[in-house]
Amino acid sequence: MTNSFEIRSGGQLRAVSPGKLAGYAILYNSLSQDLGGFVERVMPGAVKRSLSQPGNIRALYEHDAQRILARVGSGTLSLTDDSKGIQFEMSLPDVTYARDLSVLVERGDIAGVSFGFTVNPNGQHWEMRNGQLTRDLTDIALSEISITANPAYRDTTVALRSRGYQMATNPFAQLLWLETIR
């Protein structure tokens with residue numbers, strides 16, 4: 001089985017100065033809403049391997065690869081791991097969609113972040129907790145963060161929410177993911 005690309009909501013977003021956005025792309029230990037028969041949370045240290053070589057991690061607008069906002073390798077995106085989660089800061093490009101996004105963030109119309117990842121081998125743990133199937137993500141390959149406007153996690157303000165079908169890797173059930181992109 002190949003690893004499937006998944007998208008989840010992350011954290012908080014704010015305009016820190018003209019042309020710069022900052023916030024948390026991932027909040028640790030934050031339970032998602034029901035994702036189609038299960039909930040999940042990202043555990044501290046889950047992104048450690050990705051952050052050791054983050055050069056290709058990008059920031060996108062609404063997960064659209066044609067609307068790149070920043071990239072670690074170019075120095076326009078920084079990612080920092082702390083006790084709360086993965087913090088970011090980015091410098092926006094001087095392009096129409098980034099200027100529009102900046103206005104929407106300043107107005108509060110868009111106020112959150114999502115992230116795209118694949119699960120590394122043995123990077124997840126499934127368990128029934130209080131009658132709820134729960135997935136703990138312990139080792140993921142982060143490939144993008146995305147500024148987006150649709151909530152999915154209770155502790156966050158926005159996330160991309162769509163559903164694709166993925167065959168379950170656990171014996172409990174077949175699961176629906178938020179989005180699977182190949």
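Strand 9 (residues 124-129) and strand 10 (residues 132-137) pair in the antiparallel sense over 6 bridges, where strands are DSSP runs of E with at least two residues, helices are runs of H or I with at least four residues, both numbered from the N terminus, and two strands pair if DSSP finds at least two bridges between them. Within this pairing, Arg129 has Gln132 in strand 10 as its bridge partner. The model is a predicted one, in which local features need pLDDT of at least 70 and side-chain atom pairs count only at pLDDT 80 or more, while totals for chains, interfaces and linings use all residues. Residues are numbered from 1 along each chain as its sequence is written, and side-chain values use heavy atoms, with hydrogens and water left out.

The protein as a whole has 2 helices and 14 strands.

The structure holds 2 aromatic pairs, a pair being counted if the ring centres of Phe, Tyr or Trp (its six-membered ring) lie within 6.5 Å, with planes under 30 degrees apart called stacked, over 60 edge-to-face and the rest tilted. The rings of Phe38 and Trp126 have centres 5.3 Å apart and planes at 65 degrees, so this pair is edge-to-face. Phe38 lies in the loop between strand 2 (20-27) and strand 3 (39-42), whereas Trp126 lies in strand 9, so that the pair links distant parts of the chain, 88 residues apart. Both Phe38 and Trp126 are buried, a term for residues under 20% relative accessible area, with exposed meaning over 50% and partly exposed the range in between (1.4 Å probe, protein chains only). Buried residues make up 47% of the 182 residues in the protein.

Asn29 is partly exposed, with a relative accessible area of 40%. Most residues other than glycine have a negative phi. Another positive value, about 55 degrees, belongs to Glu62 in the turn of the hairpin that strand 4 and strand 5 form with 2 residues between them. Glu62 counts as partly exposed at 23% relative accessibility. Strand 4 and strand 5 are antiparallel and share 4 bridges, and Arg58 has Arg71 in strand 5 as its bridge partner.

Strand 7 pairs with strand 2 and with strand 6. The antiparallel strands 2 and 7 are joined by 7 bridges, and Tyr24 has Gln87 in strand 7 as its bridge partner. Strand 6 and strand 7 pair in the antiparallel sense over 5 bridges, with a hairpin of 3 residues joining them, and Asp81 stands opposite Ile86 in strand 7. Ile26, found in strand 2, counts as buried at 0% relative accessibility. Although Ile26 and Asp81 are 55 residues apart in sequence, their C-alpha atoms are 9.4 Å apart in space.

The largest nonpolar core has 32 residues, of which Leu77, Phe88 and Met90 touch the most other members; such a core is a set of buried Ala, Val, Leu, Ile, Met, Phe, Trp, Tyr and Cys residues joined through side-chain atoms within 4.5 Å. Elements that each supply at least two residues of this core include strand 6 (77-81), strand 7 (85-91) and helix 2 (96-107). Leaving aside neighbours within four places in sequence, Leu77 is in contact (heavy atoms within 4.5 Å) with residues including Ile57, Phe88, Met90 and Ile145. Among contacts in the protein between residues at least 6 apart in sequence, 64% join residues at least 24 apart.

The mean pLDDT, the predictor's confidence in each residue from 0 to 100, is 78 for the protein, and 73% of its residues reach 70 or more. Over residues 153-182 the pLDDT is below 50, and this stretch has 111 contacts in the model beyond near neighbours in sequence.
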